Amino acid sequence: MSGESGPMSVAPPPGEVEPGSGVRIVVEYCEPCGFEATYLELASAVKEQYPGIEIESRLGGTGAFEIEINGQLVFSKLENGGFPYEKDLIEAIRRASNGEPLEKITNSRPPCVIL
């Protein structure tokens, strides 16, 4: 019958790429240190901005919270002593998805707040 519409597609229109497609992130973190919650929070924020992105987690050594984008280390808690700001990681992903060179994230927020 004419005039009936078919099922709605959730995929991007032909020729359009879902934001973040082709970008792969690996986050290596210390589970005994309690960093899984930070990983999950960061992964959720990234997926919200870039639904097509691939995020993988790996268990790392003591104190580790290391982030690679497409095989390049872009953040190291072992070097910086804190965690990355979401906005800095989102910017690095934007650069990677546009084929721009990546720079290491050097800003970090403190690992904990003592009240």
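User: Happy to look at this one with you! Which residue is the bridge partner of I67 in β4?

Analyst: Good place to start, bearing in mind that this is a predicted model. Strand β3 covers residues 65–69 and strand β4 covers residues 72–76, and the two pair in the antiparallel sense over 4 bridges. Within that pairing, the β4 residue bridged to I67 is F75.

User: Which residue takes a positive phi in the hairpin of β3 and β4?

Analyst: The hairpin has 2 residues between its strands. A positive phi near 50 degrees turns up there, and the residue that takes it is N70.

User: Moving to the other pair of strands, do β1 and β2 run parallel or antiparallel? And what is the hand of the crossover between them?

Analyst: β1 is joined to β2 (residues 54–59) by 6 bridges, and the strands run parallel. One of the pairings links E28 to its β2 partner, R58. Between the two strands the chain passes through α1, and this β-α-β crossover is right-handed.

User: Which element gives the most to the lining of the largest cavity?

Analyst: The lining consists of I25, V27, Y39, L42, A43, V46, I55, I67 and L89. Both β1 (24–29) and α1 (36–49) supply at least two residues each. With 4 residues, the element that gives the most is α1.

User: How many charged residues are in that lining, and how much space lies in the largest cavity?

Analyst: The count of cavities of 30 Å³ or more comes to 1. By class, the lining of the largest cavity has 9 nonpolar residues, no polar ones and no charged ones. As for the space in the largest cavity, the value is about 50 Å³.

User: Nice. Which residues does the disulfide join, and what is its hand?

Analyst: The structure holds 1 disulfide. It joins C30 to C33, with an S to S distance of 2.2 Å. The angle about the S-S bond is 70 degrees, and the link of C30 and C33 is right-handed.

Key:
Residues numbered from 1 in each chain as written. Predicted model: local features only at pLDDT ≥ 70, side-chain atom pairs only at ≥ 80, totals over all residues. Heavy atoms only, no water. 1 Å grid on protein atoms, 1.4 Å probe; cavity = no way out; pocket = protein on both sides within 12 Å on 5 of 7 lines; lining within 4 Å. Points joined across faces, edges and corners; volume = space filled by probe spheres on them. Nonpolar A, V, L, I, M, F, W, Y, C, P; charged D, E, K, R; others polar. Disulfide = S-S within 2.5 Å. Pairing = 2+ DSSP bridges. Right-handed = clockwise from strand over helix to strand, strands pointing away.
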